[in-house]
Amino acid sequence: MTHTAPQTVDPRGNAPDAYRLDVTHVHGDAYDVDIRGHRLLVDQPTEAGGTDVAPTPVELFAASLATCVAFYAGRYLKRHGLPRGGLRVHAEFTMAADPPARVDALRVTVSPPPALPAQRHEALLAAVEAHCTVRNTLCLPPRIDIGLAP
């Protein structure tokens, strides 16, 4: 994640450098996500009981990885004065067959811009692998605490 200003400590005792988002039930299996005033909607497919009005949380998880990869690929290109036009990132994932429910595999493919010389392809990939915050987080997973509000 690129730098954003730290936030102040809130009454719940969150750390001053914690990033926050809020999720609120909308209807059925749909939830509204508020991130710094940006709104997203998540839902489930109809075959899973939702109304399919938005991506699932797991799809957003994969999208987070793909967009982070795209961002850092774009940053590499910009830093080297290379065009970003035509840069594409494709992601796909599979779910594990055994419990617990989880993503079993993620595959991300970067299609560099056509103007990128072939001799720069490895450097582009290395830059993405070194700097993509979401990838790095998956490789070195954070502690996850889930609790109930008082």
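**Salt bridges, cysteines and surface patches in a predicted model**

Q: Is Asp98 buried, partly exposed or exposed?
A: Asp98 counts as partly exposed, at 42% relative accessibility. The model is predicted, and every value discussed here is computed from it.

Q: Which residue forms a salt bridge with Asp98?
A: The partner of Asp98 is Arg102, and their closest N and O atoms are 3.2 Å apart. Arg102 is partly exposed, with a relative accessible area of 32%.

Q: How many salt bridges does the structure hold?
A: There are 3 salt bridges in the structure. One of them joins the side chains of Asp32 and Arg39, at 2.6 Å from N to O. Another is formed by Asp145 and Arg143, with 2.8 Å between the closest N and O atoms.

Q: And Asp32, buried or exposed?
A: Asp32 is buried, with a relative accessible area of 14%.

Q: What about Asp145 and Arg143, buried or exposed?
A: Both Asp145 and Arg143 are exposed.

Q: Why do such side chains pair at all?
A: Side chains of opposite charge can pair when their charged atoms come close.

Q: Changing topic: how many disulfides are there?
A: The count comes to 0 disulfides.

Q: Is Cys132 buried or exposed?
A: Cys132 is buried, with a relative accessible area of 0%.

Q: How far is the sulfur of Cys139 from the closest cysteine sulfur?
A: The distance is 9.0 Å, and the closest cysteine sulfur is that of Cys132. This separation too is too far for a bond.

Q: On to the fold: how many helices and strands does the protein chain have?
A: The protein chain has 3 helices and 5 strands. Along the sequence, their order is β-β-β-α-β-β-α-α.

Q: What share of the chain is buried?
A: Buried residues account for 19% of the 150 residues in the protein chain.

Q: Where is Val108 found?
A: Val108 belongs to strand 5, which covers residues 103-111. Val108 is partly exposed, at 27% relative accessibility.

Q: How far is the C-alpha atom of Val108 from that of Ala66?
A: The two C-alpha atoms are separated by 6.5 Å, although Val108 and Ala66 are 42 residues apart along the chain.

Q: Now the surface. Which residues gather in a patch of positive charge?
A: That patch consists of Arg75, Lys78, Arg79 and Arg84. Among them, Lys78 lies in helix 1, residues 57-79.

Q: Is Lys78 buried or exposed?
A: Lys78 is exposed, with a relative accessible area of 54%.

Q: And which residues form a nonpolar patch on the surface?
A: Leu21, Val23 and Tyr31 do, with about 270 Å² of accessible area together.

Q: Which strand holds Val23?
A: Val23 is found in strand 1, which spans residues 22-27.

Terms used. Residues numbered from 1 in each chain as written. Predicted model: local features only at pLDDT ≥ 70, side-chain atom pairs only at ≥ 80, totals over all residues. Heavy atoms only, no water. Patch = residues over 30% accessible without salt bridge, like charges linked within 9 Å, V, L, I, M, F, W, Y side chains within 5 Å. Areas by Shrake-Rupley, 256 points an atom, 1.4 Å probe, with all protein chains shown as cover. Salt bridge = Lys/Arg side-chain N within 4 Å of Asp/Glu carboxyl O. Lys, Arg positive; Asp, Glu negative; His and termini not counted. Charge placed at Lys NZ, Arg CZ, Asp CG, Glu CD. Helix = DSSP H or I, 4+ residues; strand = E, 2+ residues; numbered from the N terminus. Buried < 20%, exposed > 50% of the residue type's maximum accessible area, 1.4 Å probe, protein only. Disulfide = S-S within 2.5 Å.
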